[in-house]
Amino acid sequence: MATTRKGKKKSKKTTVNSKKTSRKTRNVKKSSGKTKKVTGKTGKAAGNTKVAGKTKKSTTGVSKKSGKKKPVKPSSHFKLIRKVADMKKLARELRSRRRKIALVPTMGFLHEGHLSLIREARRRASVVVVSVFVNPKQFGVNEDLDRYPRDLAGDRRKIRSEGADYMFAPDVAEMYPENFQTFVEVTGVTRDFCGASRPSHFRGVTTVVTKLFQIVQPDMAFFGEKDFQQLVTIRQMVRDLNQDINVIGMPTIREEDGLAMSSRNTYLSTSQRHQATAIYRGLRKAKRLCDSGEYDAAELSAVVLDLLREQRDMEIEYVAVSDPNTLERIHEVEKQAVLMVAVRVGDTRLIDNIRLTVRRRR
Ligand code: AMP
């Protein structure tokens with residue numbers, strides 16, 4: 001399948017910038033980047049504002065300490081890389097200089113959720129590579145590969161202005177040349193939930209992520225908790241295959257009304273967009289119930305289901321309470337759990353989740 005544009009420019013020779021830029025200063029600045037209309041309140045209410053580091057940040061990307069949005073200095077040596085061979089050469093050079101490489105894998109059409117990953121990567125690594133690749137292998141035959149939104153030029157601008165160093169945007173033939181026949185498959189944690197309704201999805205994800213790991217050679221890779229099953233699957237893969245990569249999960253960034261940001265939100269009509277807010281309203285309601293001492297998974301799921309069922313265009317795929325590490329369904333929240341939801345609103349599939357924590361036992 002074709003991506004939006006062909007690599008019309010021959011990728012320039014990729015050399016590592018040898019200038020020792022004031023990385024420390026830049027890293028400090030990165031932690032509070034530009035942001036558009038998003039709120040930290042909703043994420044905070046969800047209790048999922050913990051970022052993989054020690055500091056707590058709001059989900060707006062605005063530093064809690066300063067409360068100010070600081071402009072991010074774009075990388076002076078930013079480069080768009082279209083070829084696997086160029087990216088591999090660059091990675092080799094970077095590693096030989098002992099640079100800490102962070103990878104942020106995305107399918108593009110970037111929003112604040114993606115940018116929050118890039119900001120954290122910028123804060124923690126000396127080199128940030130953001131990949132943009134709409135991976136055909138993770139779409140089923142009747143899924144939205146062809147209409148998946150794409151905006152390579154806009155993505156390039158955003159990635160650069162967040163201070164990332166490289167954007168790796170190969171086309172499909174680069175990643176899957178003719179006669180490609182190898183897949184990476186994680187079994188257990190991919191079986192239920194999204195894996196049940198999208199049978200080849202996670203196999204596509206783990207295959208492309210492994211390829212990206214091979215090509216970019218990162219020390220750390222950033223993924224959003226929004227795609228919770230994906231994050232658990234990647235962690236499992238990294239453990240099982242002894243991939244020497246620190247997988248960092250990042251909190252979900254939400255619109256002002258709580259809807260988790262997603263490139264797919266652009267598919268929603270005004271009415272569907274409004275109905276979609278029921279997802280997070282339901283998740284929060286369940287969390288409040290859990291906080292007030294209800295630990296029964298069926299009861300917690302029921303409050304979400306009730307809200308979702310009120311929505312005219314909503315078809316519920318699953319609402320489930322699981323162990324956050326193994327994703328096994330549980331009947332009662334013991335300590336930590338994750339409440340996950342997948343629905344279809346019209347033709348658009350949306351997922352979301354919230355962490356549940358037992359604060360005190362009865
Ligand atoms: P995608 O482009 O949808 O494949 O997403 C690329 C990465 O961004 C994945 O690790 C996602 O989990 C993450 N991501 C997507 N949406 C959000 C969001 N609203 N908040 C935080 N991370 C997100």
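H8 covers residues 201-216 and H9 residues 228-240; they pack at an angle of about 50°, with axes 11 Å apart. Axes here are lines fitted to C-alpha atoms over the stretch in contact, and angles run from 0 to 180 degrees between N-to-C directions. Their crossing is right-handed, that is, the near helix is turned clockwise from the far one by less than a right angle.

On the H8 side, the contact (C-beta atoms, placed from the backbone, within 7 Å) is made by Phe-202, Val-205, Thr-206 and Val-209. H9 answers with Gln-230, Thr-233, Ile-234 and Met-237. Together these divide into 5 nonpolar, 3 polar and no charged residues; nonpolar means Ala, Val, Leu, Ile, Met, Phe, Trp, Tyr, Cys and Pro, charged means Asp, Glu, Lys and Arg, and the others, Gly among them, are polar.

## About the model

This is a predicted model, in which local features need pLDDT of at least 70 and side-chain atom pairs pLDDT 80 or more, while totals for chains, interfaces and linings use all residues. Residues are numbered from 1 along each chain as its sequence is written.

Of the 17 residues around the ligand (C-beta atom, placed from the backbone, within 6 Å), Met-107, Gly-113, Phe-223, Gly-224 and Met-261 come nearest. Helix H4 (112-124) and strand E5 (220-224) each give two or more residues to this shell, and H4 gives the most, with 4. Helices (H or I, at least four residues) and strands (E, at least two) are DSSP runs, numbered from the N terminus. The shell holds 7 nonpolar, 8 polar and 2 charged residues.

Definitions and conventions:
Contact = placed C-beta atoms within 7 Å.
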